Amino acid sequence: LHQAIVGGNLFMRKWLWGDNELTTSYDKLINKVTSSIKPAANIIYTLNGYEKSEFISEILELIKSVPTYYWWLRCHPCRLEQKPKIQALLESKKIRNANVDLASNLPLYALLRHMDINITEYSSTVIECVAFGVPTVLINDEVADYYSDQISSGWAYPIKSKDEIINVINKLIISKKTDRQRENYETKEKNQALLDLINIARGSK
């Protein structure tokens, strides 16, 4: 007899917990890339492979205009022929705050552990990003219906034009920083409350 075991996505869980040599090795590699730059945010752009060259050029100009953010341009695994073309454009435009090589070669989950924002026209990464606490900016509002759950829960934000990208990103990053500050404050409050209880318990002995 066979018995089914409900265990969820064990592979994803390994990356979420990050308490193993595999995730640690990739963490060190990614941190090494950004250590000298110290970006205000890490942004992954997940390409679908069907973007026109004019569209990619516009995105790269957008990236160049915001040097405080570091951009990871991830080609679709089935359309890796995009990679050398994008690399050539990065070099010709002298863009230093982006890479396509590592972004396309490293495991997706290794990257998502370090990302603040995901940008895409349409991709299953919208769903995967939720598990890693990474919101997505959807730059194709025509596919919004496919991600209604993520949009309604505040994990995906459809926009109507590329001109809105930076504005939405800035708002999301400010929101994430506020959330982190609130979490840090709540953690300190809980720790202090615990210390107070310990001191009370010790005093009663």
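The structure is a predicted model, in which local features need pLDDT of at least 70 and side-chain atom pairs count only at pLDDT 80 or more, while totals for chains, interfaces and linings use all residues. Residues are numbered from 1 along each chain as its sequence is written, and side-chain values use heavy atoms, with hydrogens and water left out. The protein chain has nine helices and six strands; helices (H or I, at least four residues) and strands (E, at least two) are DSSP runs, numbered from the N terminus.

**The chain as a whole**

- Of the 205 residues in the protein chain, 40% count as buried. Buried means under 20% relative accessible area, exposed means over 50%, and partly exposed lies in between (1.4 Å probe, protein chains only).
- The protein chain has an accessible surface of about 12600 Å², and carbon and sulfur atoms hold 54% of that surface. Accessible areas come from the Shrake-Rupley method with a 1.4 Å probe; for residues, only the protein chains shown count as cover.
- Among contacts in the protein chain with a separation of 6 or more, 64% are between residues 24 or more positions apart. Contact means heavy atoms within 4.5 Å.

**Helix 3 and helix 4**

- Helix 3 (residues 53-64) packs against helix 4 (residues 82-92) at an angle of about 45°, and their axes are 11 Å apart. Axes are lines fitted to C-alpha atoms, for helices over the stretch in contact, and angles run from 0 to 180 degrees between N-to-C directions.
- This angle makes helix 3 oblique to helix 4. Angles under 35 degrees count as roughly parallel, over 145 as roughly antiparallel, 65 to 115 as roughly perpendicular and the rest as oblique.
- Helix 3 contributes Ile56, Ser57 and Leu60 to the contact, and helix 4 contributes Gln82, Ile86, Leu89 and Leu90.
- The residues of this contact comprise five nonpolar, two polar and no charged. Ala, Val, Leu, Ile, Met, Phe, Trp, Tyr, Cys and Pro count as nonpolar, Asp, Glu, Lys and Arg as charged, and the others, Gly among them, as polar.

**Buried residues and their contacts**

- Ile43 belongs to strand 1 and counts as buried because its relative accessibility is 0%. Not counting residues up to four places away in sequence, Ile43 touches several residues, including Tyr69, Trp71, Met115 and Ile169.
- Arg74 is in strand 2 (residues 69-74) and is buried, with a relative accessible area of 13%. Leaving aside neighbours within four places in sequence, the contacts of Arg74 include Tyr45, Ala103, Pro107 and Leu111. Arg74 and Leu108 are 34 residues apart in sequence, and 8.7 Å separates them in space, C-alpha to C-alpha.
- Lys83 lies in helix 4 and is buried, with a relative accessible area of 18%. The C-alpha atoms of Lys83 and Asp101 are 6.9 Å apart, although 18 residues separate the two along the chain. Asp101 is also one of the residues that Lys83 touches, not counting residues up to four places away in sequence.

**Exposed lysines with positive phi**

- Lys38 is in the loop between helix 2 (21-35) and strand 1 (41-46). Its phi is near 50°, a positive value in a residue other than glycine. Lys38 counts as exposed, at 69% relative accessibility.
- Lys94 is in the loop between helix 4 and strand 3 (98-99). The phi of Lys94 is near 55°, a positive value in a residue other than glycine. Lys94 counts as exposed, at 59% relative accessibility.
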